[in-house]
Amino acid sequence: MQSINLTKKFKDTSWDFQKAFTKYSNHGFHTYPAMMIPQITKRLIEMYGNKAKVLLDPFMGSGTALLEATLHDNFKKAYGIDINPLALLISKVKTTPIEPKLLEKEYKNLIENCQEDKKDINFRQKTIEKPNFTNIDFWFKPKVITDLAIIKKNIDQIENKDVKNFFLVAFSETVRNASNTRNNEYKLYRMNESMLKKHNPDTINLFKEKAEENMESMKEYYENYNENCKVHILSEDTRHKTSIQDQEVDLIVTSPPYGDSRTTVAYGQFSRLSLQWLGLNSKDVLNIDRISLGGIPTKDLNNNLKSQTLQETLQKIADNDPIRARDVLSFYEDFDKCVQELHRVTKQGAFICFVVGNRTVKGVQIPTDEIILELFQSRNHYKHHNTFIRNIPHKRMPKLNSPTNISGNHAMTMNEEWIVILEKQ
Ligand SMILES: C[S@@+](CC[C@H](N)C(=O)[O-])C[C@H]1O[C@@H](n2cnc3c(N)ncnc32)[C@H](O)[C@@H]1O
């Protein structure tokens with residue numbers, strides 16, 4: 001096993017993009033936890049993928065890398081994989097060009113229909129069917145439920161599927177913004193009583209603002225996207241064999257989860273209310289965090305993972321807390337299955353760019369950047385080009401977060417990210 005060449009790993013603040021505007025093109029359509037900065041993706045594509053034809057993001061999230069691929073002329077295909085249906089919807093919509101005139105026409109009808117329904121309901125001439133998921137009244141005020149139900153009903157009547165999905169993304173943001181959740185947290189916490197009293201959102205207006213903002217972005221995207229780049233959004237699991245051909249991919253740009261969702265970012269919790277409003281089966285929604293990497297802890301610490309750094313780190317954590325060490329191991333066991341799949345789908349000469357966080361568990365920092373390198377190198381010769389260490393700008397990934405599910409139980413999380421660049425030899 002090769003050991004890491006430390007001259008290739010260094011802090012480079014030019015990757016911080018502290019003040020960069022990250023919402024250009026369709027990047028601002030919908031918030032998502034731990035989104036990648038589009039400027040990082042853009043720079044990675046320019047440095048390592050200017051001749052690449054096929055890009056893959058195996059942990060696509062809200063589709064930042066895919067959208068960037070469609071803004072570069074060289075790509076013919078962009079694949080994205082995710083297990084979260086909300087990620088699939090957002091990514092699809094961000095990368096599907098729609099003629100601005102068509103959007104405007106459908107939007108005008110949609111808003112007129114919503115206003116008609118609202119008038120009829122106010123005058124008690126009509127009732128509206130509302131969804132019936134557990135705790136809906138805990139998370140939404142009655143007036144908000146009625147308004148959301150009106151918007152959803154009218155979006156469902158749109159025939160063109162791309163247009164319908166476009167408005168569902170704005171609707172999903174509205175669900176979040178109009179709900180009783182504290183919006184600056186990714187986990188589901190309800191507002192306290194005094195915040196709740198003041199919370200009286202104009203839901204239809206919130207939807208209009210978001211839809212109009214996204215329509216403005218789409219106008220610009222429609223003029224600039226690369227029509228030769230076909231986007232494939234795969235509702236698959238990167239741990240298993242995917243529908244991508246052997247050695248098809250020549251550039252991977254991705255940011256995987258930082259760790260299991262119980263103790264890092266809970267993608268399932270973040271998406272739950274939106275997905276329930278969008279009509280997904282509650283059982284499937286509750287399952288998202290379990291099927292994410294590391295969702296099911298291992299029974300013991302026995303493993304065959306070929307990373308010395310990981311084995312040493314696991315031992316240090318186990319000395320403090322064997323149960324937490326098993327959580328960590330389950331994440332890397334799943335991660336290794338993904339490495340196996342990425343090894344299968346990449347061409348010789350492909351560049352692999354991972355943006356990762358080295359989180360701390362029980363006082364032990366886990367050097368994920370080095371573990372990734374060792375897991376790839378255990379399969380073939382992968383040349384390590386560089387590891388750039390960047391500061392995480394404010395807000396993007398909260399520096400304070402709750403490592404348990406207890407609100408207010410905060411601990412310092414990561415302030416830095418590692419951008420690891422490998423080339424398959
Ligand atoms: C850090 S986020 C990606 C954010 C993305 N770069 C963006 O800009 O929005 C990681 C993603 O990995 C997904 N994920 C977790 N386990 C997965 C698996 N087994 N296969 C595919 N995706 C998975 C999560 O659902 C989440 O959307």
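Let's start with Ala-34. Is it buried or exposed? Ala-34 has 23 C-beta neighbours inside 10 Å, so it counts as buried. The cut-off for buried is 20 or more. Ala-34 sits in the loop between strand E1 (9-11) and helix H1 (38-48). Its backbone is worth a look. Ala-34 is not a glycine, yet its phi is positive, about 50°. Most residues other than glycine have a negative phi.

Keep in mind that this is a predicted model.

Now a second residue with a positive phi. Asn-135 is not a glycine either, and its phi is about 70°. You'll find Asn-135 in the loop between helix H4 (100-122) and helix H5 (136-139). Asn-135 has 12 other C-beta atoms within 10 Å, so it is exposed.

Let's step back to the whole chain. How many helices and strands does the protein have? The secondary structure comes to 14 helices and twelve strands. The radius of gyration is 22 Å, close to the 22 Å from the globule rule for 425 residues, so the protein is as compact as a globular protein of that length. Its C-alpha atoms fill a box of roughly 75 × 50 × 40 Å along the principal axes. Of the 425 residues, 43% count as buried. Now take the contacts with a separation of 6 or more. Residues 24 or more positions apart account for 76% of them.

Next, some parallel strands. Look at strand E3, residues 77-81. Four of its five residues are buried, so E3 is largely enclosed by the rest of the structure. Which strands pair with it? One is strand E2, residues 54-57, which runs parallel to E3 and is joined to it by four bridges. Asp-57 has Gly-80 of E3 as its bridge partner. Another is strand E4, residues 230-234, also parallel to E3, with five bridges. There, Tyr-79 is partnered with His-232 of E4. What sits between E2 and E3?

Asn-226 has 15 other C-beta atoms within 10 Å, so it is partly exposed. Which residues does it touch? Leaving aside neighbours within four places in sequence, Asn-226 is in contact with Thr-70, Leu-71, His-72, Asp-73 and Phe-75. Take Thr-70. It is 156 residues from Asn-226 in sequence, but 5.2 Å away in space, C-alpha to C-alpha.

On to a buried helix. Helix H10 covers residues 267-277. Eleven of its eleven residues are buried, so H10 is largely enclosed by the rest of the structure. Among them are Tyr-267, Phe-270, Arg-272 and Trp-277. What covers them? The cover includes helix H3 (85-94), H5, helix H6 (142-156), helix H7 (161-178) and helix H11 (282-291). Just after H10, Gly-279 takes a positive phi of about 100°.

Compare that with helix H12, residues 308-320. First, its length. At 1.5 Å a residue, its 13 residues should span 18 Å, and the end C-alpha atoms are 19 Å apart, which agrees. Which of its residues are buried? They are Thr-309, Leu-310, Thr-313, Leu-314 and Ile-317. These cover an arc of only 125° around the axis, which puts them on the same side of H12. The face turned away from that side carries the exposed residues Glu-312, Gln-315 and Asp-319. And what does the buried side pack against? Its buried residues meet helix H13 (322-345), strand E7 (360-361), strand E8 (364-365) and helix H14 (368-377).

Last stop, the antiparallel strands. Strand E12, residues 416-424, pairs with strand E6, residues 346-356, in the antiparallel sense over six bridges. Val-355 has Ile-419 of E12 as its bridge partner. E12 is also joined to strand E9, residues 382-391, by nine bridges, again antiparallel. In that pairing, Asn-391 goes with Glu-416 of E12.

To recap the strands: E3 runs parallel to E2 and to E4, while E12 runs antiparallel to E6 and to E9.

How values were computed
Residues numbered from 1 in each chain as written. Predicted model: local features only at pLDDT ≥ 70, side-chain atom pairs only at ≥ 80, totals over all residues. Helix = DSSP H or I, 4+ residues; strand = E, 2+ residues; numbered from the N terminus. Expected span 1.5 Å × (residues − 1). Arc of directions from axis to C-beta. Contact = placed C-beta atoms within 7 Å. Pairing = 2+ DSSP bridges. Rg over C-alpha atoms; globule rule 2.2 N^0.38 Å.
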